[in-house]
Amino acid sequence: MFKNRIRELTSRVTGRSLQAVVERLGVFVRGWKADFRLAQTPGVWRKLDKGMRHHLRAIQLKQRKISRTIFRELMARGAKADVALQVAGNSRRWWRNSAKLLNSILAIKWADQLGMPRLA
C-alpha cells in the first residue's frame, strides 16, 4: 500500500514541479510516520526512504531532458566530470540513472534540502 501510494505521488508524467511533488509526498509521509511511529523496523524504514529518494531523482532527471542541461547541473552540484558525462549520456534512462551514479551526487542531503521528511 505504501509503495503504491508513493508511485502515484511521484509519477513522472504529471507535469508538476519537483517542489510540488515533495510537498504532497511530505504530507503523506508525515501521516504514515505518525501512524506507525512505534514500529520496531528500522531496516524497513531505511528501504522506504531509499525508494522515495530514488523516485525523486528520477523526476529530477526527467525534468532536465537535455543532456547538456543535465551535465551542467551535475557539475554545478560538485559531480566529477566523468560521472556527470556518463549520466548525461544516458539522459533518457531516468530510472536506471537515478539508482546508480546519480545516487552519489543527489544523496540524502539533497532530499533534505528539498524538504523531504525521513522515515528512519
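Reader: Where is Gly43 found?
Author: Gly43 is in helix α3, and a helix here means a DSSP run of H or I with at least four residues, while strands are E runs of at least two, all numbered from the N terminus. Before we go on: this is a predicted model, where local features need pLDDT of at least 70 and side-chain atom pairs count only at pLDDT 80 or more, while totals for chains, interfaces and linings use all residues. Residues are numbered from 1 along each chain as its sequence is written, and side-chain values use heavy atoms, leaving out hydrogens and water.

Reader: Why is Gly43 called partly exposed?
Author: Buried means under 20% relative accessible area, exposed means over 50%, and partly exposed is in between (1.4 Å probe, protein chains only). Gly43 has 36%, so partly exposed is the label. Along the chain Gly43 and Lys3 are 40 residues apart, and their C-alpha atoms are separated by 15 Å.

Reader: What makes a positive surface patch here?
Author: Lys3, Arg7, Lys47 and Lys50 form one. Lys and Arg count as positive, Asp and Glu as negative, with His and the chain ends not counted. Patch residues need over 30% relative accessible area and no salt bridge; like charges are joined within 9 Å, and nonpolar side chains (Val, Leu, Ile, Met, Phe, Trp, Tyr) within 5 Å. The place of each charge is NZ of Lys, CZ of Arg, CG of Asp or CD of Glu. The areas come from the Shrake-Rupley method with a 1.4 Å probe.

Reader: Which helices each supply at least two residues of that patch?
Author: That would be α1 (2–9) and α3 (42–63). Lys47, for one, sits in helix α3.

Reader: How do you know whether Lys47 is buried or exposed?
Author: Check the number: Lys47 has a relative accessible area of 67%, so Lys47 is exposed.

Reader: How many salt bridges does the structure hold, and what makes one?
Author: There are 3. A salt bridge is a side-chain nitrogen of Lys or Arg within 4 Å of a carboxyl oxygen of Asp or Glu. The idea behind it is that side chains of opposite charge can pair when their charged atoms come close.

Reader: Why do Arg5 and Glu8 count as a salt bridge?
Author: Their closest N and O atoms are 3.0 Å apart, within the 4 Å limit, so the pair qualifies. Arg5 and Glu8 are 3 residues apart in helix α1, which means about one helical turn separates them. Arg5 is partly exposed, at 33%.

Reader: Why is the Trp32 and Phe36 pair called tilted?
Author: The structure holds 4 aromatic pairs, and the one formed by Trp32 and Phe36 has 4.8 Å centre to centre and 40 degrees between the planes. Rings of Phe, Tyr and Trp (its six-membered ring) pair if their centres lie within 6.5 Å; planes under 30 degrees apart are stacked, over 60 edge-to-face, and the rest tilted, so 40 degrees lands in tilted.

Reader: Are Trp32 and Phe36 buried or partly exposed?
Author: Trp32 has 19%, so Trp32 is buried, whereas Phe36, at 38%, is partly exposed.

Reader: How do you know whether Pro117 is buried or exposed?
Author: Its relative accessible area is 17%, so Pro117 is buried. Pro117 lies in the segment after α8 (108–114).

Reader: What makes Leu101 partly exposed, and where is its place?
Author: Leu101 has 27%, so partly exposed is the label. Its place is the loop between α6 (94–99) and α7 (102–105).
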